[in-house]
Amino acid sequence: MGNVPSAVKHCLSYQQLLREHLWIGDSVAGALDTAQETSQLSGLPEYVKIVEVGPRDGLQNEKVIVPTDIKIEFINQLSQTGLSVIEVTSFVSSKWVPQVAAGATEISVFGAASESFSKRNINCSIEESMEKFEEVVKSARHMNIPARGYVSCALGCPYEGNITPQKVTEVSKKLYGMGCYEISLGDTTGVGTPGSMKRMLESVMKEIPSSALAVHCHDTYGQALANILTALQMGINVVDSAVSGLGGCPYAKGASGNVATEDLIYMLNGLGLNTGVNLYKVMEAGDFICKAVNKTTNSKVAQASFNARLE
Amino acid sequence: MLSEAGLPVIEATSFVSPKWVPQMADCAEVLKGIQKFPGINYPVLTPNIKGFQAAVAAGAKEVTIFAAASELFTKKNTNCSIDESLQRSDDIFRAARAAGIPVRGYVSCVLGCPYEGKISPAKVVEVTKKIYSMGCYEISLGDTIGVGTPGVMKDMLSAVMHEVPVSALAVHCHDTYGQALANTLMALQMGVSAVDSSVAGLGGCPYAQGASGNLATEDLVYMLSGLGIHTGVNLQKLLEAGTFICQALNRKTSSKVAQAICKL
């Protein structure tokens, strides 16, 4: 390839690459870069809502316990990035009243498309869990508190293996029927591939409008962005992710978990899709929390950018 | 081990001066020493006619040549213009034709350049078309610094496919910004059916210290297998080859599939 080392010295710095050469650009407050319009794929939504699950789903799966003031600072930094939804924390007790007392403006309920996963994780069958959730969701709605539903194991289960799209549809339909405004379909162990994502969404979208659906892809097998692209191509426009790809996988030791928000934004910006989120500020927040939990980021964008900056 | 995994094409080595690439100093020894499985191609990179001659002497049956869609990249890397680099390759094409040796071409910087920044699809078409007409049976379009995203991949491929049949195209996506698999999926959706990758995601990025480079073959095979696309590759044996080479290099794998399955 030639004399690379001396050539590298003269290449563009990451700031120039990212800022001046418009691959990433700033997608702040709805300002779409006109230069990126040419790369818009047809059939994609115009706007994608990113649901940031780092402070909850991410930190929950990190070994290092983060001090409260750091968590607060982290979330405050994320609030400055343009993200419109940041999953703040988890009140795991079935008694949800404390959440409201603490000022929660939205609640989440977690179902699963797998009986075994449901039994192991929340110690009851899917049907029993739905009965409990119905109570919670209905009461929340009476207090004008919206409820978001999650369906775990949408593309596979660590205990049962294959999960049928029909089962996912059944559970999602129940959660939607009881009043969840949005259902986040989770590939909990990251085993899904674009084909299984497509088949699952085709089934669910027969019963639930795509505007009420989100995808929550794990990157355990490196498939997350390809799966998300497939979901976008099918009309889904809400995607969960975690800054720095926080949170490993409790089912595969040492494996990665959540898809990194930075890498997701990079792809969405490159596709010319509006997110309202400032990638650079997300990267700063990611850098902050990684130092706090003493781990290297799982975001490839961050790895490429921050390491280059150290040169 | 890679041959046993069923990969149909394994780029074995590079006949480049050891002054530039010390890791390839044993190129002749490697090519002569490997077991050549029937049905598997073992192309070798030949940056100039001298390298080509040495490759043929060592028993090479297929060679690869490099070009770039960026003038600055070509200047910085090979100290000449794109046109001059293609003229140099002409010697190789002539000699390869005479010897009945197929030539595969690489085009670097198809979705962006570390020196020039944005690269127009028109430039990629120009270079690809030239080396196709010079005699490459297949051209691998490389996102050298991994900056591409699916939309840009689609635009570039649409342009190239107007001039070069898709059956003669391959993609070589780098995962520096985590986009490789999504970009590869887009290429597949456009009809590309040849994909370059590197077991364990070997090879970093010389332009972004500490960043990753090649797409990991294990992660690619996992996706293709999930899509029901036949590759002939045995993932388990591939994982073993990845574990082997990572241990030899004393480094962690960059493959997520390997990390999940082998708990490395």
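Okay, quick definition before we start: a crossover counts as right-handed if, with the strands pointing away from you, the path from the first strand over the helix to the second runs clockwise. Keep that in mind, and keep in mind that this is a predicted model.

So, where does that show up? In chain B, strand 2, helix 2 and strand 3 make a right-handed β-α-β unit. Strand 2 covers residues 44-45, helix 2 covers residues 49-57, and strand 3 covers residues 63-68. Strands 2 and 3 of chain B pair in the parallel sense, over 2 bridges, and B:Leu45 has B:Thr64 as its bridge partner.

Strand 4 of chain B, residues 103-108, runs parallel to strand 3 and is joined to it by 6 bridges. Here B:Thr64 turns up again, standing opposite B:Arg104. As for cover, 5 of the 6 residues in strand 3 of chain B are buried.

Next, helix 7 of chain B, residues 180-189. How many of its 10 residues are buried? The count is 9, so to speak mostly covered. Among them are B:Leu181, B:Asn183, B:Thr184 and B:Met186. After the helix comes B:Gly191, with a positive phi near 105°.

Take B:Cys80: the nearest cysteine sulfur belongs to B:Cys109 and is 14 Å away, while the cut-off for a disulfide is within 2.5 Å. B:Cys80 is buried, at a relative accessible area of 1%. B:Cys27 is buried too, at 10%.

Definitions and conventions:
Residues numbered from 1 in each chain as written. Chains lettered and ligands numbered in written order. Predicted model: local features only at pLDDT ≥ 70, side-chain atom pairs only at ≥ 80, totals over all residues. Heavy atoms only, no water. Buried < 20%, exposed > 50% of the residue type's maximum accessible area, 1.4 Å probe, protein only. Helix = DSSP H or I, 4+ residues; strand = E, 2+ residues; numbered from the N terminus. Pairing = 2+ DSSP bridges.
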